[in-house]
Amino acid sequence: MRFTSLKLDSLRDLFIEELRDLYSAESQLIEALPLMANAAHSATLKSAFNHHLAQTKEHAARLERIFSGIGEKAAGETCEAMKGLVKEGQQLIDAKGDANVRDAGLIGAAQRVEHYEMAGYGTARSLAKRLGENEIASVLQQTLDEEGETDKKLTSLAESQTTPQASSTGSR
Ligand SMILES: [Fe+2]
Ligand SMILES: [Fe+2]
């Protein structure tokens with residue numbers, strides 16, 4: 001979210017801004033998730049990333065439908081927070097070392113993304129309700145639920161991953 005030189009006169013202005021932030025976030029993820037899937041070592045993690053890529057494309061499409069329904073443009077905002085999260089994810093994609101440890105790092109990066117999205121969709125959903133946009137609120141809730149399910153799935157992968165072999169030959 002970027003509030004620089006933003007004029008917010010109404011809740012609707014804020015709502016549109018939140019939706020554009022989410023749209024930018026989803027668009028960035030459509031680029032980033034294939035790289036995460038490619039970098040994942042475990043087949044389960046790879047398929048979780050690919051499954052969420054398909055969901056992410058649908059999330060972006062839902063936002064596009066919301067925008068066209070209210071006669072606003074989807075573009076015009078860059079989600080700087082997602083840029084940072086993707087950059088951190090890139091560091092793990094580029095990381096060397098034990099495959100299971102790198103997978104655990106990728107899961108952590110992905111869960112940060114999901115939590116960011118959950119915060120954004122929760123906010124947007126609540127604003128939609130306040131604005132009496134109940135249909136939009138339920139579409140946003142649907143996406144929010146999917147982000148939450150993805151987060152839970154990642155938690156179970158994080159806990160079920162094969163414990164990495166101690167590769168250190170150090171004194172401990
Ligand atoms: Fe999403
Ligand atoms: Fe997501």
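The legends below describe close-up views of a predicted model.

Residues are numbered from 1 along each chain as its sequence is written, and chains are lettered from A in the order in which they are written. Local features need pLDDT of at least 70, and side-chain atom pairs count only at pLDDT 80 or more, while totals for chains, interfaces and linings use all residues.

**View 1. Helix α1 against helix α4.** The axes of α1 (residues 11-39) and α4 (residues 99-130) come within 10 Å and cross at roughly 160°. The two helices are therefore roughly antiparallel (an angle over 145 degrees). The crossing of α1 past α4 is left-handed (the near helix is turned anticlockwise from the far one by less than a right angle). Residues in contact (C-beta atoms, placed from the backbone, within 7 Å) include L14, F15 and L22 of α1 and V113, Y121 and L127 of α4. By class, this contact has 16 nonpolar, two polar and four charged residues (Ala, Val, Leu, Ile, Met, Phe, Trp, Tyr, Cys and Pro count as nonpolar, Asp, Glu, Lys and Arg as charged, and the others, Gly among them, as polar).

**View 2. Helix α3 against helix α4.** Helix α3 (residues 80-94) packs on α4 at an angle of about 170°, with the axes 9 Å apart. This angle makes α3 roughly antiparallel to α4. Among the contacting residues are M82, L85 and L92 of α3 and L106, R112 and Y116 of α4. The contact comprises eight nonpolar, two polar and three charged residues.

**View 3. The surroundings of S42.** S42 lies in the loop between α1 and α2 (43-70). In space, S42 and D103 are 7.2 Å apart, C-alpha to C-alpha, although 61 residues apart in sequence.

Methods: Axes fitted to C-alpha atoms, helices over the stretch in contact; angles between N-to-C directions. Helix = DSSP H or I, 4+ residues; strand = E, 2+ residues; numbered from the N terminus. Parallel < 35°, antiparallel > 145°, perpendicular 65-115°, else oblique. Contact = placed C-beta atoms within 7 Å.
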